[in-house]
Amino acid sequence: MSQTVFDDPGEKVRLNDISADPPKGMTRDKAEKRFAALGKELFDLQDAMFGAKVHSVVVVLQGRDGAGKDGTIKHVVGCLNPRGVSVSSFGVPTAEERDHDFLWRVHRHAPRLGEFAIFNRSHYEDVLVVRVHKLAPKKLWQERIGHIADFEELLAEHGTIVLKYFLHITKDEQEQRLLEREVEPATAWKLNPNDWKERDYWDAYTAAYENAISRTAARHAPWTIVPANSKWYRNFVIAESIVDALRDHKRNWETTLKEMGKARRSELDAYRAQRASRKDATK
Ligand code: ATP
């Protein structure tokens, strides 16, 4: 299979060379079983991170209409303890947002140490839809890519684990999903002619994504191209990727918690000793 993780700036990204389907040999049953185990591990890792408060996580979900951003939030984010998780969706900027620099609305949703922030669309829209529909001059969105790389570096310097996912679906799969929405009562709220209009810009979005992913790929802010034609495989890939990234820090969090426990216990001992000596003095 072609490379699916990009963590080196400038690496060439060719979405059409990456399969949107699960690899041969992977079955729904296998993926769902592994997903269930990963979900439990993720919950425990989140607990350790929440307590240690030396890192935080940003999960950026990008993809075309119908790629499964909402479904990912429901399933993968559903494995987390809601205490310590925020989900922010970035739509067309409001008048107030437009009066600020493009990162303003995003930066305010960056996570506190210990917490998870999930971005349903993100600062990348300002170099994707804005580029495709020429909502800003080329010079401006090109400069924005540099600002995004710097922004993510800043987050990482503060201990934020930045994980970015492009949910990769084919044009046929998108058509099928958009049509399914029309007959499914639960998704009536998603029906939007704009999704069909955007399909006409499929190739322009491909070019915009390839450029943005390539220029912002970094060790501290990797992009994963998630084969997302099958929802069960998509959920498994994202859960596995988040768990892998967090596992690297598990020992650090456990050590921090152990030291924290030692320091807090000695505070408690000191308090109890003081209280006992006060009691003795009043006897
Ligand atoms: P789904 O993918 O499930 O269809 P959605 O993410 O498209 O849902 P909507 O609220 O329908 O949810 O769409 C948000 C819209 O806002 C998208 O068309 C997106 O391109 C647009 N948008 C987001 N950020 C910007 C931006 N900075 N400038 C212009 N448009 C933006």
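Predicted model: local features only at pLDDT ≥ 70, side-chain atom pairs only at ≥ 80, totals over all residues.
**Ligand site**

I started with the shell around the ligand and counted 18 residues, with D65, K69, R105, R121 and E125 as the closest. Which helices each supply at least two residues of the shell? I found α2 (69-75) and α5 (129-132).

Next I looked up polar atom pairs. K69 places a polar side-chain atom 2.9 Å from an oxygen atom of the ligand. For R105, an N or O atom in the side chain sits 3.1 Å from a nitrogen atom of the ligand. D126 has a polar side-chain atom too, 3.2 Å from a nitrogen atom of the ligand. I also checked how much of the ligand is covered: taken alone it exposes 640 Å², and the protein buries 78% of that.

**Helix α1**

I moved on to α1, which runs over residues 28-52 and has 25 residues. From first C-alpha to last it reaches 35 Å, close to the 36 Å expected at 1.5 Å a residue.

Which residues of α1 are buried? My list reads A31, F35, L38, G39, L42, L45, Q46, A48, M49, F50 and A52. I kept the helix rule in mind while reading that list: an α-helix has 3.6 residues a turn, so residues three or four places apart point the same way.

Then I asked what covers the buried residues of α1. The cover includes the strands β2 (56-63), β3 (85-89) and β4 (116-120), along with the helices α2, α10 (231-247) and α11 (250-282). Just after α1, I noted that K53 takes a positive phi of about 55 degrees.

**K231**

I found K231 in helix α10. Is K231 buried, partly exposed or exposed? I put K231 down as partly exposed because its relative accessibility is 44%, between the 20% and 50% cut-offs. I also looked at K231 against R28: they are 203 residues apart in sequence, yet their C-alpha atoms are 9.4 Å apart in space.

**V59**

V59 is in strand β2. I marked V59 as buried because its relative accessible area is 3%, and the cut-off is under 20%. What is V59 in contact with, leaving aside neighbours within four places in sequence? I got F116, A117, I118, F119, L163, Y165 and I242.

Definitions and conventions:
Residues numbered from 1 in each chain as written. Heavy atoms only, no water. Near = heavy atom within 4 Å. Polar contact = N/O pair within 3.5 Å; in protein donor to acceptor, adjacent residues only side chain to side chain. Areas by Shrake-Rupley, 256 points an atom, 1.4 Å probe, with all protein chains shown as cover. Helix = DSSP H or I, 4+ residues; strand = E, 2+ residues; numbered from the N terminus. Expected span 1.5 Å × (residues − 1). Buried < 20%, exposed > 50% of the residue type's maximum accessible area, 1.4 Å probe, protein only. Contact = heavy atoms within 4.5 Å.
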